[in-house]
Amino acid sequence: METSESIRPDKAVETGTQTMEGSTATLGRVLGYQADKQGVLLYCEHGNIAVSSPVKELVRFTLFTGTHPELSTSVAVIEEFESRHFEVDEDADLNRLTVKWADVTAVVHLQDSTCEVVTHTGQRAVEGLQFYQTTEGNAGLSAAAHPQTHYYGLGEKTSFLDKRGESYTMWNSDVYAPHVPEIEALYVSIPFLIPFDQNQAYGLFLDNTGHSTFDMRQFEDAFEVRTKTGGVDVYVITGPLLKDVIRRYTALTGRMPVPPKWALGYHQSRYSYMSQDEVLELARTFRTKRIPLSAVYLDIHYMRDYRVFTFNGQRFPNPKAMMDELMEMGVRVVPIVDPGVKQDARYSIYRSGVEGNHFCRTLEGDIYIDDVWPGASAFPDFTDDRTAQWWSENQQFYTDLGVRGIWNDMNEPAVFNESKTMPGHIMHHNNGNPKTHEELHNVYGTLMSRATYKGLKDGLGGERPFVLTRSGYAGIQRYAAVWTGDNRSFWEHMAMAMPMVLNLGLSGVTFSGPDVGGFAHHASGELLARWTQMGAFFPFFRNHSALDTVRQEPWSFGEEIEGIVRRYIQLRYQFMPYLYSLFKEASETGVPVMRPLVLEYPDDVNTYNLSDEFLVGKDVLVAPVYRPDTRHRSVYLPKGIWVNYWTGKRYEGGQHVLAEAPLDTMPLYIRSGAVIPMDDANGTFDGALPAAFAEPSGLDQNTLLHVYLDNKSESALQAESDARMDDTVQDDVNRTTVFELYEDDGTTFAYQDGVYNQTAITVQDSAQEAVIKIEVQHQALSGNNGYPIVVTGCAATATVTWVANDKQGAVEQRVLERLSLEQLRQGTQGTAYNEDDKTLIIKLPAGHQHITVVVQKN
Ligand code: GLC
């Protein structure tokens, strides 16, 4: 343990003087340049730079020595590069060179080789970009910033949303010590920074798979990036919107495929569920207690002495029967698989690894052996396609048993030695281009997950695989969801999970989340209740806890806590149609499911470092309580009108409100004007449980469209609004909202061949009436009988008419009959008013492709 001794005065090092090892030199003057296929090669006093734009809306800067650069990329980059037309123009007066593509321009100042990137509409992305080399052979860069520049991205990092004032290291690290703000490196490294200044953003992606540092602390007017190996290969991605930057970054590094729907459900884990009986009993308990559950995890004790691809026969005598029984219950099993393969001549995986030359070696040719859970172990060299294929093929052991998801852990790789990982001098074969581990360290986890994903896909006969990983590099989103490693049951860790996962989302990895309830240390009932409330709205939702900590299953703390936890897990399944549509959107655009407010409200300074509330999509605002004994919290509502999900009370945005939050309530708001497709978990029609609870595949028969209208006449809003009725709010009245509801079989890849449904729901809300349009845009699956609409924010006396104009010009128009709730449940169409929650329920005739509903509000 560290003591005060470590801060003895004679040990002090002045802060703010960190520089790169060795003496540093900028590249100096540009001595000459030459146009190349994709751009320009700059020959400078102390090194050379290739400036290219191999894809739209970005500029790539690659440092090189010699006459020509070697422009390869890491596993992160998937975009097809092309030769794009450009023009070079030297302006002798300004002493600068302009390299112009149709959509982006690079400007190079010849006297000092500093660069700029400008969009075709004249917005500046990076300014004062300057490259360095050191006498030690390291390289780096710095770029201009302003005191008001905010920094986002950088993947899985501690501290708050805005990374100004921080410095982080990219070096995948197994950190069991508490994750505190001064920890500079965790399990995932995504060298992608988003500077955001006066509403304008750009991205800077350093494609370097070794050790690098991003320093936003040392200078007010600049940030600096330093590398240890591999040099500088950096992409400047233009904005100006944050969403543009994310869209382009994820075009470059790929996007998450739509996950199987079960992976979006609630997952239960523990280090470890020790036997087949315990696992079955666990799942049955969830079912008898009516707590939804989609997956159970098997931690390292399921194996025979921690040998991957084995089951301990005493504890798990019949894993196949266990999985079949669980599958009957709608529960999937996700076993852990670590990279370390136990050194044991009698163990077939080790033998085939040695015989096939699949393990990492020293330069001299010895297999690298070191300790992890199984003791002395060897480590597959995933940099070689041949080895990745061997690993993929081995996944069949699991798929044959009925496994659809694998949990890849310890893949930094974590090693129980002094450096905590594989030594830098160990060699990777790297498909015939050998490199040291030091140069490739940060991709080990991604390459392992890629091999696992591929193996599962091959073995699942058309079903979508699920991989969960602890470690990863830029692009990991293409293969795996990320959980944020060994957090603790600390309130602080619950709070920190928000900015951490938000920044992962801004860095391309939307499918992520922490261990709910905390992994190490001991949860309390209150902590579990609050954390489950929050976790229900994170993209990845798994409760996991460590050996020797208090149990953390939903029922571990008595009935009150169990009731709260059940309610919020059910809420997760209730929001499933909304969430699933957002996952689809993220798979197409990269825009994350869980969003910091700044993403939707970039002109609102109150959002710039808002780290304790978040949006799910653009319409659901979540404000968790993350401190003990707290029954109120301040919530910032951005512009617009926000409806308290629990009470229906309306608030004008652009202000902080004090939310009441008794233990069973997490403050939750819906943007007025929004459509939220939800599962009919309340049994409005038939008392059914959420569809996903039973079997989260196929079309959800119980989807309701919740429409939140702005009811200006409502006294509650009047009370809230008083002096705050300003222009920004007026803008939001009469506005149109569109939500794209996406549905498919939830299980297979058939959606890629067009087997899905897509429905656009548009709401135009004005003082007197609301117009709700439901348009089928794509329909390949049948079975859904239309979506009942639940309207919040209109009077009990509201009248409803509908028009269908989908029959080749024929237009039908009807007034819907007002019925009792009971009659509506039985009937096929009509409206009813639900006094309990003050909603108007509308049931429309089925079978229309294009239907417009007009709600006369009063
Ligand atoms: C690591 C993982 C943790 C897991 C444990 C045992 O600490 O991060 O989730 O339970 O190993 O496998």
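Predicted model: local features only at pLDDT ≥ 70, side-chain atom pairs only at ≥ 80, totals over all residues.

Visitor: What volume does the largest cavity have?
Guide: About 130 Å³.

Visitor: And which residues sit closest to its centre?
Guide: Pro257, Pro259, Tyr453, Pro465 and Tyr479 are the closest, out of 17 residues that line the largest cavity.

Visitor: How does that lining divide by class?
Guide: The lining of the largest cavity has 14 nonpolar residues, one polar and two charged.

Visitor: OK, pockets now. How much space lies in the largest pocket?
Guide: The largest pocket holds about 980 Å³. Its lining is made of 38 residues. Nearest the centre of the pocket are Glu70, Ser72, Thr73, Gly230 and Lys435.

Visitor: What classes line the largest pocket?
Guide: There are 18 polar residues, 11 nonpolar and nine charged in that lining.

Visitor: Which helices and strands supply at least two residues each?
Guide: Strand S5 (58-64), helix H7 (437-440) and helix H8 (444-459). S5 gives the most, with four residues.

Visitor: Where does the largest pocket lie relative to the domains?
Guide: Between domain 1 (30-251) and domain 2 (261-595), because both give residues to its lining.

Visitor: What about Asn95?
Guide: Asn95 is not a glycine either, and has a positive phi of about 55 degrees. Look for Asn95 in the loop between strand S6 (87-91) and strand S7 (96-100).

Visitor: Switching to peptide bonds. Is Tyr271 to Ser272 cis or trans?
Guide: That bond is cis, with omega near 0 degrees. Ser272 is in the loop between strand S21 (267-268) and helix H2 (276-288).

Visitor: And Glu412 to Pro413, cis or trans?
Guide: The bond from Glu412 to Pro413 is cis, with omega near -5 degrees. Pro413 is in the loop between strand S27 (405-408) and strand S28 (427-428). Most peptide bonds are trans.

Visitor: Back to H2. At what angle does H2 pack with helix H3?
Guide: H2 and helix H3 (residues 319-328) pack at about 0 degrees, and their axes are 10 Å apart. So H2 is roughly parallel to H3.

Visitor: Which residues meet there?
Guide: From H2, Gln276, Val279, Leu280, Ala283 and Arg284. They meet Pro319, Met322, Glu325 and Leu326 in H3. By class, the contact of H2 with H3 has six nonpolar residues, one polar and two charged.

Visitor: Last pair: H9 and H10. How far apart are their axes?
Guide: The axes of helix H9 (residues 491-506) and helix H10 (residues 525-535) are 11 Å apart, at an angle of about 5 degrees. H9 and H10 are therefore roughly parallel to each other.

Visitor: Who makes the contact?
Guide: H9 brings Trp491, His493, Met494, Ala497 and Met498. H10 brings Glu526, Leu527, Arg530, Trp531 and Met534. The residues of the contact of H9 with H10 comprise seven nonpolar, one polar and two charged.

Key
Residues numbered from 1 in each chain as written. Heavy atoms only, no water. Axes fitted to C-alpha atoms, helices over the stretch in contact; angles between N-to-C directions. Parallel < 35°, antiparallel > 145°, perpendicular 65-115°, else oblique. Contact = heavy atoms within 4.5 Å. Nonpolar A, V, L, I, M, F, W, Y, C, P; charged D, E, K, R; others polar. 1 Å grid on protein atoms, 1.4 Å probe; cavity = no way out; pocket = protein on both sides within 12 Å on 5 of 7 lines; lining within 4 Å. Points joined across faces, edges and corners; volume = space filled by probe spheres on them. Domains from an automatic or database assignment.
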